[in-house]
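Please look through the sequence and the model shown here before reading on.

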Amino acid sequence: MNDFFINQSGFAHFWAKLKTLLNDKASTTEVKTLQNKTYELTALALKAAFPNNRIIVDNIGMPSVMVYIPKFKISDVIAGGSNSVHPAFIVNGVEKAGIYISKYQNKVVNERAYSLPAEDPAAIINFDTASSICSAKGSGWHLMTNTEWAALSL
């Protein structure tokens with residue numbers, strides 16, 4: 001078996017370049033070219049170090065680091081609790097195998113929220129704006145619900 005590692009300075013360079021492109025409002029083509037060169041290696045390194053973490057891209061191809069929370073029953077985490085699936089894993093009446101939650105507090109870039117390492121999170125932001133910038137990422141992206149917060153707290 002070959003040893004696999006990602007050079008930390010290479011990873012830092014990737015995020016620095018991505019940050020520059022975001023701040024310069026680079027074209028989608030420029031961003032996608034950078035992503036295509038680094039996405040697979042970065043995703044593999046992330047998965048090797050943190051098996052429940054994934055890099056998920058939004059509808060314009062920009063990444064966020066997310067943590068997968070597998071479905072659980074209330075009785076799995078509370079002695080004597082209900083044997084039903086926690087409501088965080090029921091979306092529009094459909095039971096899901098799990099949910100993805102941002103690993104990092106989100107940074108706002110170009111009116112979109114991103115979960116990225118080593119970035120200062122957005123501050124002093126109201127609920128409506130937070131909801132809007134999360135939803136702007138495309139289908140399936142949203143501000144965390146109360147039931148999702150409740151699931152994490154268990």
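## Terms and basis of the model

A residue is called buried when its relative accessible area is under 20%, exposed when that area is over 50%, and partly exposed in between, with a 1.4 Å probe and protein chains only. By this scale both Phe72 and Phe89 are buried.

This is a predicted model, in which local features need pLDDT of at least 70 and side-chain atom pairs count only at pLDDT 80 or more, while totals for chains, interfaces and linings use all residues. Residues are numbered from 1 along each chain as its sequence is written, and side-chain values use heavy atoms, with hydrogens and water left out.

## Confidence

The pLDDT, which is the predictor's confidence in each residue on a scale from 0 to 100, averages 82 over the protein, and 71% of the residues score at least 70. Over residues 1-9 the pLDDT is below 50, and this stretch has 7 contacts in the model beyond near neighbours in sequence, a contact meaning heavy atoms within 4.5 Å.

## Salt bridges

Side chains of opposite charge can pair when their charged atoms come close. A salt bridge here is a side-chain nitrogen of Lys or Arg within 4 Å of a carboxyl oxygen of Asp or Glu, and the structure holds 4 of them. One of these joins Arg112 to Asp58, with the closest N and O atoms 3.2 Å apart. Arg112 lies in strand E7 (residues 112-114) and Asp58 in the loop between E1 and E2, so this pair ties together parts that are 54 residues apart in sequence. The names of these elements follow DSSP runs, numbered from the N terminus, with helices (H or I) of at least four residues and strands (E) of at least two. Both Arg112 and Asp58 are buried.

Asp58 also forms a salt bridge with Lys137, where the closest N and O atoms are 3.8 Å apart. That pair links distant parts of the chain, since Lys137 is in the loop between helix H4 (127-135) and helix H5 (146-153), 79 residues from Asp58. Lys137, like Asp58, is buried. A further salt bridge is made by the side chains of Lys71 and Glu95 (2.7 Å, N to O), with Lys71 in the loop between E2 and H3 and Glu95 in strand E4 (residues 94-95), 24 residues apart. Lys71 counts as partly exposed at 36% relative accessibility, and Glu95 counts as partly exposed at 45%. Through shared partners, salt bridges join Asp58, Arg112 and Lys137 into one network.

## Aromatic rings

Rings of Phe, Tyr and Trp (its six-membered ring) pair if their centres lie within 6.5 Å, and planes under 30 degrees apart count as stacked, over 60 as edge-to-face and the rest as tilted. A search of the whole structure finds 2 aromatic pairs. In one of them, the rings of Tyr68 and Tyr100 have centres 5.1 Å apart and planes at 55°, so the pair is tilted. Tyr68 lies in strand E2 (residues 63-70) and Tyr100 in strand E5 (residues 98-102), so the pair ties together parts that are 32 residues apart in sequence. Tyr68 is partly exposed at 23% relative accessibility, and Tyr100 is partly exposed at 37%.

The rings of Phe72 and Phe89 have centres 5.1 Å apart and planes at 70°, so this pair is edge-to-face. Phe72 lies in the loop between E2 and helix H3 (74-77) and Phe89 in the loop between H3 and strand E3 (90-91), so the pair ties together parts that are 17 residues apart in sequence.

## Leu46 and Asn53

Leu46, in helix H2 (residues 28-49), is buried with a relative accessible area of 13%. Leaving aside neighbours within four places in sequence, Leu46 is in contact with Asn53, Arg54, Ile55 and Val65.

Asn53 is found in strand E1 (residues 53-57) and is buried, with a relative accessible area of 5%. Beyond its neighbours within four places in sequence, the contacts of Asn53 include Leu46, Val65 and Lys103.
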